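Let's take a walk through this fold together. Have the structure open as you read.

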Amino acid sequence: MIGLFRQLIYDGSTWARPGYRFGEILDGRYEIVAAHGKGVFSTVVRAKDLKARLGDPEEVAIKMIRNNETMYKAGMDELVILKKLVGADPEDKRHCVRFISSFKYRNHLCLVFESLHMNLREVLKKFGRNIGLHLTAVRTYAKQLFIALKHLKNCGVLHCDIKPDNMLVNESKTVLKLCDFGNAMFAGKNEITPYLVSRFYRAPEIILGLSYDHPMDIWSVGCCLFELYAGKVLFPGPTNNDMLRLHMELKGPFPKKMLRKGAFTDQHFDQDLNFLATEEDPVTKKAIRKLIVNIKPKDISSIISGSPGEDAKMLAHFKDLMERIFVLDPEKRMTVSQFSNHWALSVFIYYLELSASELDLVEVAEKIADRGRSISWQFFQWNVFCSIDIYQGFEARFSDLDA
């Protein structure tokens, strides 16, 4: 009986929390084989699909939502978004975790997904604790993340909680997929709240109380890419006030127009829009506000120094990518269309694959221009970071194309 109790996840009096036993069969087809994770709002288990058809995954992940009215409604909202994303990606190429089906079990809403190996938080702990991952791996993950962001934008979806914990990889660590859409929402006029997104990955427009859109997710991805490369959190602020200070220490003062529009600006700035840092008085231990002016931004090179033997050009492209992502004004932040899946870049790669050795880059540029698209070396310089290695050596021949 004690052994059975240990196997059972049960909250003592009600089935408010998802309860299950290993070996239990859900919905007449999913046999629970292992625990996969547990959060405040749900429990995730790994299960064997007893009715899997040819080509279907034999193992799945099942997210079991807590059984209360608020969580059920949130789960149904997530379900709508999941169906939208999977319906717009029939070939499973957009790097969002594959949603399979849903059902109810003991009044719990259950969401069925493909089962992947581990999240990037676990990858960092296992392979890059305090030192980060190899830049080539970061480049690969960056490309896949931006494909996922492009898909979200095309579907009008904001993820709202991008962090390494919500990125899953396959067993070989070569494929990454964005997961956990429990906080996701459709873009539009959404509620202004200073606590949307996990704090370390929270964009400044959220903290200041501005309207938010897809640039919010871009900022979060930038934080994740830096963390993957450096092995440490870029903005480890314990409060929103500390987060704003760290943002400014990297990028300088906020544009005045942003501060004037912010619903929460007065919580962090005085009437003259000078920053008020909240600190603890060393004697009284009470919170005090300290005026901070003339904050000078850092050079991105001061936080991304590189490692011995690393490709210098690839590192330069990564630094440039970080500069373009970490723009305080969301309206000027880099967009997904600038990063990847750009029409000109696709055509360029197409011609490279046709005849890389005999390729006349000027001719390629003219072909692209003939279709009404302009290109520049600057554009390819920062796209190369997540493109193919054949770009190397083209710089001298391509630089004269800048107009």
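**A sheet and the helix on it**

Val169 faces Leu176 of strand β10. Three bridges connect β9 (residues 167–169) to β10, and the two run antiparallel. Strands here are DSSP E runs of at least two residues and helices are H or I runs of at least four, numbered from the N terminus; two strands pair if DSSP finds at least two bridges between them. This is a predicted model, in which local features need pLDDT of at least 70 and side-chain atom pairs count only at pLDDT 80 or more, while totals for chains, interfaces and linings use all residues. Residues are numbered from 1 along each chain as its sequence is written, and side-chain values use heavy atoms, with hydrogens and water left out.

Now widen the view: three strands make an open, antiparallel sheet in the order β7-β9-β10. β7 (118–119) and β10 (176–178) are at the edges with a single partner strand each, so one side of each has no neighbour in the sheet. Helix α4 (residues 135–154) packs on this sheet and touches β9 and β10, where contact means heavy atoms within 4.5 Å.

Next, look at Val197, in the loop between β11 (185–186) and α5 (204–208). Is Val197 buried or exposed? Its relative accessibility is 6%, so Val197 counts as buried (under 20% relative accessible area, with exposed over 50% and partly exposed in between; 1.4 Å probe, protein chains only). Leaving out residues up to four places away in sequence, Val197 touches Cys160, Asp161, Arg202, Met216 and Ser220. Val197 and His159 lie 38 residues apart in sequence, yet 8.8 Å apart in space, C-alpha to C-alpha.

Methods: Axes fitted to C-alpha atoms, helices over the stretch in contact; angles between N-to-C directions.
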